[in-house]
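Okay, thanks for coming, everyone. Let me put the model up and walk you through how the pieces sit together.

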Amino acid sequence: MGKIWRVSGPLIVADEMRGSQVYEIVHIGEEGIVGEIIGLEEDRAIIQAHEDTLGLKVGEAVEGTGKILSAELGPGLVGSIYDGLQKSLLAMADDMGSFLKRGAKALALPRDTKWQFTPVVKAGDMVSGGDIIGTVPETELIEHRVMVPLGMKGKIKEIRKGGYTVEETIALLEDGGEVRELRLMQEWPVRKPRPYKQRHDPSGLLTTGMRILDYMFPLALGGKAAIPGGFGTGKTVTMQQLVRWAQTDLNIYVGCGERGNEMADVLYSFRQLKDPNTGKLLKEKEIFIANTSNMPVVAREASIFVGVTMAEYYRDMGYDILLVADSTSRWAEAMREMGGRLEEMPGEEGFPSYLGSRLSSFYERAGMVECLGSPGRKGSVTIAGAVSPPGADFSEPVTQNTLRIVDALYSLDVSLANKRHFPAISWLMSYSLYADTVSDWWDKLDPGWVETRMAGLKLLQQEAELEEIVRLVGPEALPEGDKLLLLVTRMIREDFLQQSAYHEVDTYCMPAKAGLMLKTIMKFYDMATEMLSAGKSVAEIRSLPVVYKISRMKDVPNDEMPARAKELWGEMEKAVTTDKTVS
Amino acid sequence: MEVSSLYVKESGAIKRAKGSLLVAESIPGVKFNEMVDVRLANGEIKSGQAIDISATATVVQVFGGVSEVDLADSKIRCKGETLKLPVSGDLLGRIFNGMGEPIDGVPAFVPEGYMDINGEPMNPASRQPPSEFIETGISAIDGLNALVRGQKLPVFSGSGLPHNQIVAQVIRQATVKGKAEKFAIVLGAIGVSYDDASFFMKNLEETGALERTVAFINTASDPVIERISTPRLALTAAEHLAWQHGMHVLVILTDMTNYCEALRELSSMREEIPSRRGYPGYMYTDLATMYERAGRVFNKEGSVTIMPILTMPDDDITHPIPDLTGYITEGQIVLSRNLERKGIYPPIDVFLSLSRMMKEGIGEGKTREDHNNVFMQLYAAYAEGCYLREISTIIGAEALGERDKVYLTNANDFENKFIAQGELEKRTVEETLDIAWKLFSALPKEDLKLIKEEFTERYLPKQEASL
């Protein structure tokens, strides 16, 4: 046991700590504040405190635990709300009311819940790390596949069926005369990526229900994306939409250094909203980490790793997981603060020089993998991280370091947000390298996706160029063809790309509907071009009833869209033919 | 220093005094962030705080600077406590300085308890999502950037803009529909001129709200270090009234720019590595630990709503102070010098302004069913009008098409009839929405794409109404 030698904010130096290891968890002072050793120098340990250090004294006890920062893994994670150190916030609310006290203890997994365990292997079977030995119905949507902890192997000596808590023995494993007990719960050090058999390229569309993502800048399962944006551009709403509607098996929301009220809003809405595909409540497939901006800074660093460790654990069961982190900038700031206290030589803008490698150590844990153990299965972790660049200036270090790692960028634009064009994802600045990856997926659903998507993006690019001219000569001076192009791109922007997160139908748009919507607008362009050459003016075309009807496609429920599209196409064809007969 | 008496922990030699920092030999038993007294040779006592403690040295930050400290005879004496505010329901009607000492000449009250001014973080799982609409009577706020109970909504202003008047108008007019509940106002004046502080006090007095008010006043001539504690004291008082006495508290903090300047000053004295423009890297977290104290809690009556005012240096919204604030708060009300020059009061720039909690507070049963649609359509129409206004400055308004001219006029009407209103004019939210509908009646009906047809049927004035 050591004692405090120095306290400076979250930095603590303790004496008499010989025998400790780096990243070991320690308990500090009477209240047992959680800290983590980040450096050792002879028998002196440098510790970052994950909780407020107010009131600590020189000489107070520092106790090592011999364990490094680990996450508890087992049934009971799904539907829970954790702080950055995986302490259950709901349990803490029950124990001590609405405000968080220092040094409070709350375990991640409830110890008294009995889970119904059904074995899938039998006594005498040989098993090794990652093998599935049984299942537990964790929530209505998640079947928890209990795996042999990584690194263990042997013969199943005994396996039990029935109701067990996470700490009770469910099986005995015999390995060379040594018998080990298996439980529903296991632990894993959060900073260490969980191993897998083989890594694959990302594949298949991660359906988000957002048109601009799914159709224009698709995200693939196992991919990584960044969402940078100045304040008020809708980062948080975009992240929330992602975890709400993403058609993955399990979604993890890491709220890192962000707003408490917004977090409360997400938590509340997940108890009301239903998954569009399964009709079950969203909380049946979500895990939350809420380390809001007023909670201890250092725990922000841990929160991201705790989140991704849980994601990997469920990936290893063969699930597709989406993890969103809001916001990685706050996480980076926590690193900067510690770096400053440690008097490290700062890199750009005071951030530590290892910012880039720390960011990649997080994003690189995304991926589509062949899991260890039998039966053979694939799982994926997809990561989307929000970035909050100061002054919406994307040249700052966190954004730039992130862009080097991710393959999809959803760039949020302040001027779009000011005009209340949401999601304010810029179609000119964003990109996705997964377009080729998901083209097979799209081809099955919507042949012609590649061409329609390119045509749409090209029109928007042409609009941007025309816009420059409009600013000089005014919209009236343009030739009719260009005026029509501006009308159509406006329709693409307002009637397709804009999507309301708060409209009961529009909030979740299935890819099939998105495809029909854009095709209808492109069809309108063809029709209007024809009418234009037949002598109609753009002003006349603009006031056609079909234009208004196209703008209302958003409100059409997903399953009614094919019928509506047919109706609209028929109407457009009729308009062209009547036009021809009249002229 | 070798021996200290059993009860009083005192330092020996002070080794260094510079700026506001004293470095002394280690004081056994001193706590991190503990309050200390520094006793000077002439008997004067200054307050300070232990900001870095170790077995070899104690670093003390002295409130009010280290003038007259001499290294030989000054002593540092520990008080055994971190900074705490005595709290009680009797806080109401009182005026304190930036250290929490009464300055209204009335004797101190008997406290119900002492609260750490840093507060405790609210458990995110215990937070109740804010959803009660506060009617401020100002169209640009109620209609487009609605405020709800438990929100933190700052006013981003510039020097010389009427932010004080607007906030005073909010204080005067704010009500929650159909409810008469216990409310209180907490004012934290940070480094403001005497005039600004007295403007608010007079205003509160005139409206008879003074006995519902607690004020913490640190004027420009008071010690800089007290600017760090002023907003925290105000929030601690607010929390006590909200969570212990079930009151709905509106906290006004003005001017947070002075707070951030003070933070920068202290940080540079502590020789910390600066971040953007010399502000400390932890400024985001520091501001967040204060602003996040706004909110509502399940199973508790009261609420804390925070309305900080800050002046953007050089009207620059990307300056670190407004920038970091915007990342923490749930939106912002931004004042525009352009509108001010056009003589529009309140000069609220609706594009840059935003209320993140608005959607929770509006709609059927809260304001009116059409509110959300009207809000979206107003923005769309005004954005179009402003874009055309920009073009018309180059090509001339005459060169615009008929439809475009309609939008241009509409943008002007929007500014003059919707945004502009009197300082004493209180509009109900229904009145605000009706003005919007009158504006819509001038637009082509098929352009009202963002509004449900049933609302257009119900609310659109049947013939072209003149405003």
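Quick definition before we start: two strands pair if DSSP finds at least two bridges between them. Helices (H or I, at least four residues) and strands (E, at least two) are DSSP runs, numbered from the N terminus. Residues are numbered from 1 along each chain as its sequence is written, with chains lettered from A and ligands numbered from 1 in the order in which they are written. And this is a predicted model, so bear in mind that local features need pLDDT of at least 70 and side-chain atom pairs count only at pLDDT 80 or more, while totals for chains, interfaces and linings use all residues.

So, where do the chains meet? One place is strand pairing: β1(A) and strand β4 of chain B, residues 45-54, run antiparallel and are joined by 2 bridges. Val7(A) has Ile53(B) as its bridge partner in β4(B). Ile53(B) also stands opposite Thr58(B) in β5(B). That belongs to a hairpin, where 2 residues connect β4(B) to β5(B), and these strands run antiparallel with 5 bridges. On we go to β2 (residues 21-25) of chain B, which pairs with β5 (residues 57-62) of chain B, antiparallel again, over 5 bridges. There, Val23(B) faces Val59(B).

Now the whole interface. Counting contacts (C-beta atoms, placed from the backbone, within 7 Å), 60 residues of chain A touch 64 residues of chain B. On the chain A side, the elements giving two or more residues are β1 (2-8), α1 (89-96), α4 (260-269), α6 (328-341), α11 (449-473) and α15 (545-551). The largest share is from α4(A), with 7 residues. By type, the chain A side splits into 29 nonpolar, 18 polar and 13 charged. For the record, Ala, Val, Leu, Ile, Met, Phe, Trp, Tyr, Cys and Pro count as nonpolar, Asp, Glu, Lys and Arg as charged, and the others, Gly among them, as polar.

Staying with chain B, let's do domains. The bounds, which come from an automatic or database domain assignment, are 14-82 for domain 1, 85-360 for domain 2 and 371-459 for domain 3. Between domains 1 and 3 of chain B, the C-alpha centres are 61 Å apart.

Chain B also has an open sheet of 8 strands with mixed pairing, in the order β8-β15-β14-β16-β17-β12-β18-β19. Its edge strands, each pairing on one side only, are β8 (95-97) and β19 (354-355). Inside that order, β14 (183-192) and β16 (248-254) of chain B run parallel, with 7 bridges. Ala189(B) is opposite Thr254(B) there. Helix α3 (194-206) of chain B lies across β14, β15 and β16 of chain B, at about 165 degrees to β14(B). Axes here are lines fitted to C-alpha atoms, for helices over the stretch in contact, and angles run from 0 to 180 degrees between N-to-C directions.

Last stop, a helix pair in chain A. How do α12(A) and α13(A) cross? Helices α12 (480-497) and α13 (511-533) of chain A have axes that come within 10 Å and cross at roughly 165 degrees. So α12(A) is roughly antiparallel to α13(A); the cut-offs are under 35 degrees for roughly parallel, over 145 for roughly antiparallel, 65 to 115 for roughly perpendicular, and oblique for the rest. The contact of α12(A) with α13(A) has 12 nonpolar, 2 polar and 2 charged residues.

Definitions and conventions: Contact = placed C-beta atoms within 7 Å.
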